[in-house]
Amino acid sequence: MSSLRNLASQTVIYGLTTILARLLNFALTPLHTDQIAKAEYGVVNDLYSMIAFLMVILTFGMETAFFRFNRDKRYDPDTVFSHALLFSLFSSGLLLSLSFIFRDSLASLLQYEDRPFLLIWMMGIVAMDAIAAVPFARLRADNKPIRFLVIRLGTIGLMVLLNLIYFKLLPSMAENASPDSWIFSIYNAEYGVIYVFLFNLIGNAFMILLFLPELLKIRFKVNPDLLKKMLIYSSPLVIGGLAGIANEKAQYQFMKYLLPLEINTVSMGIFGAMMKIATFMMLFIQAFRFAAEPFFFSGEGDFKSKMAQVMRYFVLIQSLIFLGLVCFTDFLQWTHFIAPQYWEGWHIVPILLFANLLLGINFNLNIWYKLENKTRMGIYINFFGLIFTILANLLLVPLFNYTGAALATLISYAAMTAYSYYLNQKHSPTNYPTRAISFYLGLSLIGSIVCYYLLDHYWLYGLIIFSAYSSLILWLEWPQLKLLKRR
C-alpha cells in the first residue's frame with residue numbers, strides 16, 4: 001500500500017503542476033473565443049491537430065523508451081538519455097528542412113496557400129516540443145517535480161502574458177490612439193490567429209533555453225546496439241500512436257474535407273471550443289500519466305495487483321469529475337469561459353466528457369503491454385479504434401456536422417477501451433474490479449443524462465445529483481479508504 005500512496009503523492013505533485021499549467025493555458029480560451037471569429041478559431045484547432053500528429057512522429061516513442069531502458073542495468077542512464085535526445089534532434093531537424101523546401105506544395109495541400117508561413121511556424125513549434133519531451137521525461141524519472149514545474153509554468157506563463165498583452169492590453173490602448181500611433185504597427189485585430197502561433201513559437205524557444213543545462217550534457221557517441229533496441233521498442237508505439245492521435249484529432253480533418261467550405265472552419269471552431277471543456281477531464285489523466293509511468297516501470301511489487309487497485313480509484317475520481325462538470329454546466333456558462341457565440345455547440349460537451357473518461361481508462365488498461373515489452377498491442381488497439389473513427393466520421397459528420405464528430409469520438413474511444421480490456425484478459429489477465437467500475441461508470445452516466453438532457457442542466461438539480469453520487473461513493477468506499485490509510 002505504501003507504493004500506492006507514493007503513486008498518489010506523485011500524482012498530486014504532477015497534478016498540481018498540470019492543473020496550474022492548464023489553468024494558465026485555459027486563461028487563453030476566453031480571450032481567443034471572445035476575440036477570434038469562429039472560422040479563424042477553426043484554423044487554430046486545425047493546425048494544433050496537425051501538431052499532435054507530428055509530435056508522435058518526431059518523438060518516435062523515445063519518451064517511453066527512455067523510461068524502459070533507463071532502468072536497464074546494462075546501460076548508463078546518461079547514455080540512454082543522450083540516445084533518446086539525439087534521435088529527437090535528428091527527426092526535428094529533418095522535418096524543418098523538408099518543410100522549408102516543400103513549403104509551397106505543403107501549403108496548397110493543407111489549404112493554407114494564403115498563409116504558408118503558418119505551416120513553417122507550426123513545424124518550429126512541434127520540433128521544439130519534441131526536443132523537450134525527453135528532458136521532461138528525465139525530470140520525471142529523476143523525481144525532480146520542482147524543476148519540471150518551473151519549466152512548464154515558465155513556458156506557458158510567458159505565452160499567456162504575450163497573449164494577454166496582445167488580446168487585452170493593446171486593444172484597449174488602440175481604442176483611444178490616433179490612427180498614426182505606433183500601436184497599430186504591432187496590433188491588428190484581424191491578425192489574431194497569426195499571433196497565437198507566434199507567441200507559442202516564442203514560448204517554446206524560451207523552454208529550450210531553460211533546458212540548456214540538460215541539452216549541453218548530451219553525449220554524441222552512439223551505441224548502435226542500444227539505439228537499435230530503443231527503436232525496435234518504440235516503433236510499435238509510434239505506429240499505434242499515430243492511430244491513437246487520429247482517433248483524437250482526425251475529426252478536424254474530416255470536418256475540413258467533408259463539410260462545405262463555407263462552414264468547415266466554423267464547425268472546427270465550435271468543436272474545438274467545446275473540446276476545451278472536455279479537456280478538464282484530461283487534467284487528472286495527464287497528471288496520473290506523468291506519475292504512473294515511472295511508478296509502474298520501477299518494477300516494485302506485483303504490478304498486476306497494483307494496476308487493479310489503481311484502476312478502481314482512477315475510475316472513481318474520473319466519474320466524479322465527469323459528473324461534476326456536467327452537473328455544473330451553468331456555472332461554466334456563467335463564467336463565460338467559452339464566449340456565447342460558441343454556445344450553440346454546448347450539447348456535445350457531455351458526449352466529449354464521457355469519451356475522455358473512457359480514454360483515461362484505456363490508458364490504464366494499456367500499462368501491461370508496455371511493461372511486458374509487447375508494444376505491438378498498442379498498434380492493434382489504436383487501429384481497432386481507427387476503424388471506428390473513420391467509419392463513424394464518414395457516416396456522421398456529413399449528417400450531423402460537429403455533433404457527428406463528437407459521437408464518432410465517443411464510439412471510437414468506447415471501442416478501444418473494450419478491445420484493450422479483451423486483449424488484457426487474453427494475454428495478461430488482470431483481476432480488475434469490473435463490477436465496481438461498471439457501477440460507477442453506469443451511475444455517473446445516468447446521472448449526467450438526467451441532469452443535462454432531462455432537467456436542462458439547472459444548477460440546483462445538478463447539485464442534488466452530484467451530492468447524492470458523492471455521498472454514495474464515500475459510503476461505499478470508506479472502509480477501503482480507512483484500510484489504505486492504515487497501511
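Me: Quick one on R138: buried or exposed?
Reply: R138 counts as buried, because its relative accessibility is 16% and the cut-off for buried is under 20%. Keep in mind that this is a predicted model.

Me: Which residue does R138 form a salt bridge with?
Reply: With D78, and the closest N and O atoms of that salt bridge are 2.3 Å apart. R138 sits in helix α7 and D78 in helix α5, so to speak of sequence, the two are 60 residues apart and the pair links distant parts of the chain. D78 counts as partly exposed, because its relative accessibility is 29%.

Me: Which residues are joined with R138 and D78 into one network?
Reply: D76, D142 and R219 are in there with R138 and D78, joined by salt bridges that share partners.

Me: OK, R219 then. Which side chain does R219 meet in a salt bridge?
Reply: That of D76, at 2.9 Å from N to O. R219 is in the loop between α10 (212–215) and α11 (224–258), while D76 is in the loop between α4 (62–70) and α5 (77–101). The two are 143 residues apart. R219 counts as partly exposed at 39% relative accessibility, and D76 counts as partly exposed at 33%.

Me: How many salt bridges does the count come to?
Reply: The count comes to 10 salt bridges. Among them is the one between E40 and R115, with the closest N and O atoms 3.1 Å apart.

Me: Where do E40 and R115 sit?
Reply: E40 is in helix α3 (residues 38–59), and R115 is in the loop between α6 (103–109) and α7 (116–141). They are 75 residues apart, another pair that links distant parts of the chain. As for cover, E40 counts as partly exposed at 23% relative accessibility, whereas R115 counts as buried at 15%.

Me: Switching to rings. How many aromatic pairs are there?
Reply: The count comes to 25 aromatic pairs. One of them is Y48 with F197, whose ring centres are 4.9 Å apart.

Me: Why is the pair of Y48 and F197 stacked?
Reply: Because the planes of the Y48 and F197 rings are at 25°, and planes under 30 degrees apart count as stacked. This pair links helix α3, where Y48 lies, with helix α9 (residues 192–210), where F197 lies, and the two are 149 residues apart.

Me: And is there a contrast in cover? Y48: buried, partly exposed or exposed?
Reply: Y48 is partly exposed, with a relative accessible area of 27%. F197 counts as buried, at 0% relative accessibility.

Me: What about F328 and F466, how far apart are the ring centres?
Reply: The centres are 5.7 Å apart, and the planes are at 70°, so the pair is edge-to-face. F328 lies in the loop between α14 (303–327) and α15 (329–334) and F466 in helix α21, so the pair ties together parts that are 138 residues apart in sequence. F328 counts as partly exposed, at 28% relative accessibility.

Me: Which residues form one aromatic cluster?
Reply: Y166, F167, Y195 and F199 form one.

Me: New topic, S267. What does the side chain of S267 make a polar contact with?
Reply: The side chain of N401, at 2.7 Å. S267 is found in helix α12 (residues 261–278), and it is buried, with a relative accessible area of 2%.

Me: Which residues does S267 touch, leaving out those up to four places away in sequence?
Reply: M255, L259, N401 and Y402.

Me: Now the outside. Which residues form the nonpolar patch on the surface?
Reply: I449, Y453, L454, L455, Y458, W459, L460, Y461, L463 and I464 form the patch, with about 950 Å² of accessible area together. Helices α20 (434–454) and α21 (459–486) each supply at least two residues, and α21 gives the most, with 5 residues.

Me: Where does I449 lie?
Reply: In helix α20. I449 counts as partly exposed, at 40% relative accessibility.

Me: Last bit, the overall picture. How many helices and strands?
Reply: The protein comes to 21 helices and 0 strands. Of its 487 residues, 54% count as buried. The protein exposes about 21400 Å², and carbon and sulfur atoms supply 68% of that.

Me: And what share of the contacts with a separation of 6 or more comes from residues 24 or more positions apart?
Reply: Such residues account for 86% of those contacts.

Conventions:
Residues numbered from 1 in each chain as written. Predicted model: local features only at pLDDT ≥ 70, side-chain atom pairs only at ≥ 80, totals over all residues. Heavy atoms only, no water. Patch = residues over 30% accessible without salt bridge, like charges linked within 9 Å, V, L, I, M, F, W, Y side chains within 5 Å. Areas by Shrake-Rupley, 256 points an atom, 1.4 Å probe, with all protein chains shown as cover. Salt bridge = Lys/Arg side-chain N within 4 Å of Asp/Glu carboxyl O. Helix = DSSP H or I, 4+ residues; strand = E, 2+ residues; numbered from the N terminus. Buried < 20%, exposed > 50% of the residue type's maximum accessible area, 1.4 Å probe, protein only. Polar contact = N/O pair within 3.5 Å; in protein donor to acceptor, adjacent residues only side chain to side chain. Contact = heavy atoms within 4.5 Å. Phe/Tyr/Trp six-rings, centres within 6.5 Å; stacked < 30°, edge-to-face > 60°.
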